[in-house]
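Colleague: Hi! Could you walk me through this model when you have a minute?

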Amino acid sequence: MTTDAADRGRSEDGTPRRVALVCDYSLDYLGGAQSAFLDEATLLRRAGHDVLLIAPEPEDAEASWLREWRGIGGADALVPARVTLPGVDLPVIRNTAGLRSRLAQQLAEHDVEVVHVHSEFGLSAAAISAARRRGLRTVQTVHTFFWQAPVPRGVGVVAAGAVRIFARWLRGFPSSRAALAEAPLDSALRGLTLATGQRVDSVVSPSAHQAVRLREAGLADVRVVPNAVALPDAAAEPLTSVDAALRIVWVGRLVPEKRLMEFVAAIAEASRRLPGGSLSVDVVGEGPLRAEGERSAEGLPVRFHGRLDRGRVQELMRQSHVVALSSYGFDNQPVTIVEALHARRGVFYVDPALTEGVDVAGLRAAGPEPEAMAEMLIALVQDPARVVLASQRAADGAREFDPEVHVARLLGVYAGRRGL
């Protein structure tokens, strides 16, 4: 890099070196979007880029994620929120003139060249506006375009109107009113994401199947950049055999769209038809379905661990034979898949739309119903060689999520290069 290029914060080929990453969600709870956000910040920082992390102020000033971020020299601009919406861990931060002015000043102080948002609410809206005021390139990663809110249609119509009113108050611009889903509330929620995508220069989708849906909705510049994880430890060793019970780890939020109850029903059916001691299941995560899930799992070989840190999740995955993902029609590109492949374990899944990683190391049930999942579980117990083969293929599946590949693709988006 020449001196002039360094002063401008760009490499000699014009690739931006200074980026602001923005997330509306609380980082105190590491769901999939939050994990992908912090991993991306860490990977860019490790690659030598200056990253300004803009996020809601944590409840604990000594939050582990913030301590780790500052420990690698990361800069941050934290924004306080007086209220957090329960259930979704969304701090309520409005796009106000004062916030836009503050963010514009911070972007200038850090000589930011690209503003990259990972959500679609008030803080992201303010960051996009501040970036546009300064003539900076803007990018949005869409973590899900498949919002689902299972409510009666009459309730959904009213709720959809309330969502649009709240979103306009929060963000300062209207949501898209395009018909994006059959259910009115689902369509309104997807309209929040689409309206943000219409205000940025490029949209990143971690999966090819979501990218297709975003393009169909009218977004012209959508790039596919699969998630990557910034795990400190080396990848695990693949399985060579399956001894005793088939050990399964299920990881996710305990909410209807992740289909925990259907998975527990599948375990019940498989256990009824298999000899005792054939299955052992660990459920990791928190959410409103925990109590119901524990009641349904009484008498089954299922243990609920609640929310665990990433190190403990990796440990459980490495102690398992397979990682389970039971969502259908909801997930974009789950970080759980990347973590499973890093642990060199195959992925039991049901959604044929998912391809990245699982096209190599996946074990897909014939359908999303509990009966179909149970049939697959029984087949894996009876033929464990399939589980071993999926584990051995995990290293090949993980190449799609290589950190260096992720950063290179992302920098191409930042530079406005085509072909991604």
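Modeller: Happy to; we can go through the sheet, some helices, the salt bridges and a few backbone angles.

Colleague: Great. What should I know before we start?

Modeller: This is a predicted model, so local features need pLDDT of at least 70, side-chain atom pairs count only at pLDDT 80 or more, and totals for chains, interfaces and linings use all residues. Residues are numbered from 1 along each chain as its sequence is written, and side-chain values use heavy atoms, with hydrogens and water left out.

Colleague: Let's start with the sheet. In what order do the six strands come?

Modeller: The order is 12-11-10-13-14-15, in an open sheet with parallel pairing. Strands here are DSSP runs of E with at least two residues, helices are runs of H or I with at least four residues, and both are numbered from the N terminus. Two strands pair if DSSP finds at least two bridges between them.

Colleague: Which strands stand at the edges?

Modeller: Strand 12 (302-306) and strand 15 (362-364) do. Each has a single partner strand, so one side of each is left without a neighbour in the sheet.

Colleague: And how many bridges join strand 10 to strand 11?

Modeller: Six bridges join strand 10 (residues 246-251) to strand 11 (residues 279-284), and the two run parallel. One of the pairs is Leu246 with Leu279, the latter in strand 11.

Colleague: What does helix 9 lie across?

Modeller: Helix 9 lies across strand 10, strand 11, strand 12, strand 13 (322-325) and strand 14 (346-349). Helix 9 runs at about 170° to strand 11. Such axes are lines fitted to C-alpha atoms, for helices over the stretch in contact, and the angles run from 0 to 180 degrees between N-to-C directions. Contact means heavy atoms within 4.5 Å.

Helix 11 (residues 310-319) also packs on the sheet, where it touches strand 10, strand 11, strand 12 and strand 13. The direction of helix 11 makes about 150° with that of strand 10.

Colleague: Switching to salt bridges: how many does the structure hold?

Modeller: There are 20 salt bridges in the structure, each being a side-chain nitrogen of Lys or Arg within 4 Å of a carboxyl oxygen of Asp or Glu. One of them joins Arg273 to Glu375, with the closest N and O atoms 3.0 Å apart. Arg273 lies in helix 9 (residues 260-273) and Glu375 in helix 14 (residues 370-382), so this pair ties together parts that are 102 residues apart in sequence.

Colleague: How accessible is Arg273?

Modeller: Arg273 is partly exposed at 40% relative accessibility, and Glu375 is partly exposed at 42%. Buried means under 20% relative accessible area, exposed over 50%, and partly exposed in between, using a 1.4 Å probe and protein chains only.

Colleague: What does Arg290 pair with?

Modeller: Arg290 forms a salt bridge with Glu294, at 3.2 Å between the closest N and O atoms. Both lie in helix 10 (residues 290-296), four residues apart, about one turn of the helix. Arg290 also forms a salt bridge with Glu286, where the closest N and O atoms are 2.5 Å apart.

Colleague: On to helix 4. Which of its residues are buried?

Modeller: The buried ones are Leu99, Leu103, Ala104, Gln106 and Leu107. They cover an arc of only 165° around the axis, which puts them on the same side of helix 4; the arc is that of the directions from the helix axis to the C-beta atoms. On the other side of helix 4, Ala97 and Glu109 are exposed.

Colleague: What covers the buried residues of helix 4?

Modeller: The cover includes strand 1 (18-22), strand 2 (50-56), strand 3 (75-79), strand 6 (114-117) and helix 5 (122-133). Just after helix 4, Asp111 takes a positive phi of about 55°.

Colleague: Interesting. What about Ala244 then, buried or exposed?

Modeller: Ala244 counts as exposed, at 77% relative accessibility. Ala244 sits in the loop between strand 9 and strand 10, and its phi is near 55°, a positive value in a residue other than glycine.

Colleague: And Arg344, buried or exposed?

Modeller: Arg344 counts as buried, at 17% relative accessibility. Arg344 is in the loop between helix 12 (335-342) and strand 14, with a positive phi near 60°.
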